[in-house]
Amino acid sequence: MLVLTRKAGQNITIGDKIRVSVIDIRGRQVRLGVEAPQEWPIHREEVFLRIQAENQAAAAASPHDLTQALDLVFKRKGEDQA
Amino acid sequence: MEIQTSRFGRVNVDEDRIITMKHGLIGFPDQRRFAILRPQPESVLYWYQSVDNPKLAFVITSPFIFIPEYSIILAEGIVAEMKAQSRDELDIYVLVTIPAGHPEKMTANLIGPLIINQKARLAEQLVVEDSPYSHKHPLLGGRKK
């Protein structure tokens with residue numbers, strides 16, 4: 001990992017299409033601006049990792065799981081309408 | 001065309017039903033082609049099956065069936081990127097996690113919805129920032145919270 005120290009108002013460039021700007025620093029929070037080509041997804045890491053982990057969990061389902069789940073869904077809908 | 005699946009063996013899928021994801025799914029960036037398989041006509045849960053990886057499939061559903069008030073903000077860029085004329089041409093699905101042996105605990109990932117343009121056969125998984133929803137929203141019996 002390349003570690004650089006920046007002050008508020010300073011930038012970092014990555015290649016010739018990506019720029020990270022330190023917009024301001026307030027207490028323990030730093031506000032960063034990222035400019036990159038639109039098709040490069042940019043996300044807070046913990047959110048991205050959460051979704052990635054959830055995708056992995058979702059990929060483990062079997063047809064049996066789906067059938068059981070479907071039965072429950074119909075049962076609940078039936079109860080709702082009763 | 002015929003695709004191989006680990007769960008259902010060989011399945012026939014119309015070429016014009018194969019959906020392409022430019023960036024794959026989050027965590028699966030190389031899996032770019034999927035097909036929606038419907039186990040039963042009246043089912044509300046579908047399979048999102050990888051065309052190229054027989055073992056990879058996800059249960060998906062329309063979130064509005066369970067959470068009628070669910071809404072996400074779609075950036076203008078998404079409509080164009082998905083080659084749609086308007087937001088109305090995009091379908092929103094969510095991936096469902098069903099813990100083995102505990103279907104009552106099934107949850108949906110409401111911050112990583114699957115946006116599908118069925119007409120253009122394109123899809124993308126979005127990361128929703130600043131959402132009141134979670135990645136593990138219970139679909140059964142969680143409404144009363």
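Tutor: Let's start with a rule: two strands count as paired if DSSP finds at least two bridges between them. Keep in mind that this is a predicted model.

Student: OK, let me try that on chain B. Which strand does β6 of chain B run antiparallel to?

Tutor: Strand β6 (residues 57-61) of chain B is joined to β7(B) by three bridges, and the two run antiparallel.

Student: Which other strands pair with β7(B)?

Tutor: One is β9 (residues 114-117) of chain B, antiparallel again and with three bridges to β7(B). There, B:I92 stands opposite B:I115. Another is β8 (residues 107-108) of chain B, which pairs with β7(B) in the antiparallel sense over two bridges. In that pairing B:T97 stands opposite B:T107.

Student: Is β7(B) largely enclosed or open?

Tutor: Here the cut-off matters: buried means under 20% relative accessible area. Six of the seven residues of β7(B) are buried, so the strand is largely enclosed by the rest of the structure.

Student: And B:T97 itself, buried or exposed?

Tutor: Buried, with a relative accessible area of 9%. B:T97 belongs to β7, residues 91-97 of chain B. Leaving out residues up to four places away in sequence, B:T97 touches B:K105, B:M106 and B:T107, and also A:E54, A:A57 and A:A58 across in chain A.

Student: What joins the side chains of B:T97 and A:E54?

Tutor: A polar contact of 2.8 Å. A:E54 has another partner too: its side chain meets that of B:K136 in a salt bridge, 2.8 Å from N to O.

Student: That takes us to the interface. How do I put a size on it?

Tutor: The size of an interface is often given as the accessible area lost when the parts come together. In this model, chain A and chain B bury about 3200 Å² between them, with carbon and sulfur atoms giving 64% of that. A:E54, A:N55 and A:L66 supply 19% of the area that chain A buries against chain B, more than any other three residues.

Student: How many residues does each chain bring to the contact?

Tutor: There are 31 residues from chain A and 48 residues from chain B. Between the two chains you'll also find two salt bridges and eight residue pairs in polar contact, both residues being at pLDDT 80 or more. On chain A, the elements giving two or more residues to the side that touches chain B are α1 (45-58) and α2 (63-81). The largest share comes from α2(A), with 12 residues. By class, that side has 16 nonpolar, seven polar and eight charged residues.

Student: How many salt bridges are there over all chains?

Tutor: Eight. One of them links the side chains of A:R19 and A:E35, at 3.0 Å from N to O. A:R19 is in β2 (residues 18-26) of chain A and A:E35 in β3 (residues 29-35) of chain A, so the pair ties together parts that are 16 residues apart in sequence.

How values were computed
Residues are numbered from 1 along each chain as its sequence is written. Chains are lettered from A and ligands numbered from 1 in the order in which they are written. This is a predicted model: local features need pLDDT of at least 70, side-chain atom pairs count only at pLDDT 80 or more; totals for chains, interfaces and linings use all residues. Side-chain values use heavy atoms; hydrogens and water are left out. Contact means heavy atoms within 4.5 Å. Buried area is the accessible area (1.4 Å probe) that two parts lose on being put together, summed over both. A salt bridge is a side-chain nitrogen of Lys or Arg within 4 Å of a carboxyl oxygen of Asp or Glu. A polar contact is a pair of N or O atoms within 3.5 Å; within protein, one must be able to donate a hydrogen and the other to accept it, and residues adjacent in sequence count only if both atoms are side-chain atoms. Helices (H or I, at least four residues) and strands (E, at least two) are DSSP runs, numbered from the N terminus. Ala, Val, Leu, Ile, Met, Phe, Trp, Tyr, Cys and Pro count as nonpolar, Asp, Glu, Lys and Arg as charged, and the others, Gly among them, as polar. Buried means under 20% relative accessible area, exposed over 50%, partly exposed in between (1.4 Å probe, protein chains only).
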